[in-house]
Amino acid sequence: MNQPSFNPKQIISLLNLLIVAVLLLLMASGGLIASLMIKPAKLPAVAATPSTAKKTIQPASAKSSTLWEAPLESSLPAGSKGEMIRYGKELIAHTSLYLGPKGKVAQISNGLNCQNCHLQAGTKPFGNNYGGVASTYPQVRARSGRETSIAGRVNGCFERSLNGRPLKEDSKEMQAIVAYIKWLGQDVEKGKKPEGAGLVTLAYLDEPANPAAGKLLYEQKCVVCHMENGAGLANGDGTEYVYPPLWGAHSYNQGAGLYRLSKFAGYIKANMPFGATYDSPQLSDEEAWHIAAYVNSLPRPSKDLSKDWPDISKKPIDHPFGPYTDGFEEEQHKYGPFKPIEEKRRGQAVSN
Ligand code: HEC
Ligand code: HEC
């Protein structure tokens, strides 16, 4: 019984000492570790052509510190309210698991996740985030000609971007999604769209965007993930995409936001190839427009759009379905050049 032995308490305090020592070491070298870790994560997955890529999208005055940021998870309210918000976030990130073709709650959408287009669950700067939604809805939208709530706008994406059916507004899933979007935007002043919300807007090209040029770029920069036939890649059990489809039967339909060239080009400029960011883009503006033209020249589901834009003079310049009041053809409304349309409309607005 004289053998030296540690009692459990001594062992625990020794372990504590050890843990504290390791933590201190980690903290001391934290700067180094962080810099080692962040760099590879920021590298584009595909070799980029920085020679043509513009360095930044924002004017130099817009520092990243002024961009909208999501509230911290730690500020989530307790109890059932917090749980609904968490569930909403989960539905944005893994929509297909719950509501896709094999969804465990309902089968009402095409397999895309909201997060495929609203990156990082709708929080990434210029990643089509939701920072300006709670502050600007309900709003009267020209597309429907009616006042639209957050739930109505969410269903717009279900019916178009997810080529599916709407969620019931009083369903638990819709309430959760709306609770999450409201929580994200809770600190934004009513009526304001914060800097960094939504997408970047690219300047129009002087010539039409060119699908043939876009095809070559697609093969260099996108094909590794989104595949030659644009169908992407599903996970092993087919419940979610690893790489979502860009055209074909399982992609967004012709009524979706991304079917407009300016939205597609703005989305990929700040976000694709995967890993690109607004302050470290991998595509020049021109490349983004051409790739947008290629992808949106390929087949995809259609949608009855006859009730859209009840006031046809309010159709966006790049809405590719007539009739129009400006006299330009559908072809030019789809691929550009957009500047002449913009100028003519400005003239019309003045003379009206
Ligand atoms: C295929 C891409 C895509 C998918 C998937 C998608 N959306 Fe969208 N969403 C868009 C685009 C593009 C816009 C328009 C952005 C703009 O005009 O700046 C948009 C706009 C929105 C808006 C309005 C944003 C604003 O600031 O006015 C909301 C809210 C929204 N989506 C919610 C959802 C939800 C919820 C889902 C999943 C059920 C979803 N979206 C899935 C592409 C997508
Ligand atoms: C390294 C793989 C990779 C490459 C390369 C890549 N993407 Fe993506 N892309 C993704 C992933 C992953 C997502 C979904 C992001 C998420 O859910 O967080 C995505 C989403 C998208 C979306 C929105 C969702 C959809 O399916 O409509 C579009 C549009 C898109 N990519 C276009 C492009 C284009 C154009 C290129 C080439 C310039 C490109 N991507 C290159 C991985 C990639």
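Author: In this predicted model, helix α3 (residues 79-93) and helix α9 (residues 172-184) have axes that come within 7 Å and cross at roughly 100°. Angles of 65 to 115 degrees count as roughly perpendicular, so α3 and α9 are roughly perpendicular to each other. On the α3 side the contact is made by M84, I85, Y87, G88, K89, L91 and I92. On the α9 side it is made by E173, Q175, A176, I177, A179, Y180 and W183. By class, this contact of α3 with α9 has 10 nonpolar, two polar and two charged residues.

The axes of α10 (residues 211-221) and α13 (residues 285-295) come within 7 Å and cross at roughly 100°, which makes α10 roughly perpendicular to α13. Here P211, A213, G214, K215, L217 and Y218 of α10 meet E287, H290, I291, A293 and Y294 of α13. The residues of this contact divide into seven nonpolar, two polar and two charged.

That leaves the ligand. Ligand 1 has 25 residues around it, of which C114, C117, C157, S161 and G257 come nearest. The largest share, four residues, comes from α8. By class, the shell around ligand 1 has 15 nonpolar, eight polar and two charged residues. Domain 1 (76-184) and domain 2 (211-301 + 311-351) both give residues to the shell, so ligand 1 lies between them.

How values were computed:
Residues are numbered from 1 along each chain as its sequence is written. Chains are lettered from A and ligands numbered from 1 in the order in which they are written. This is a predicted model: local features need pLDDT of at least 70, side-chain atom pairs count only at pLDDT 80 or more; totals for chains, interfaces and linings use all residues. Axes are lines fitted to C-alpha atoms, for helices over the stretch in contact, and angles run from 0 to 180 degrees between N-to-C directions. Helices (H or I, at least four residues) and strands (E, at least two) are DSSP runs, numbered from the N terminus. Angles under 35 degrees count as roughly parallel, over 145 as roughly antiparallel, 65 to 115 as roughly perpendicular and the rest as oblique. Two residues are in contact if their C-beta atoms, placed from the backbone, lie within 7 Å. Ala, Val, Leu, Ile, Met, Phe, Trp, Tyr, Cys and Pro count as nonpolar, Asp, Glu, Lys and Arg as charged, and the others, Gly among them, as polar. A residue is near a molecule or strand if its C-beta atom, placed from the backbone, lies within 6 Å of it. Domain bounds come from an automatic or database domain assignment.
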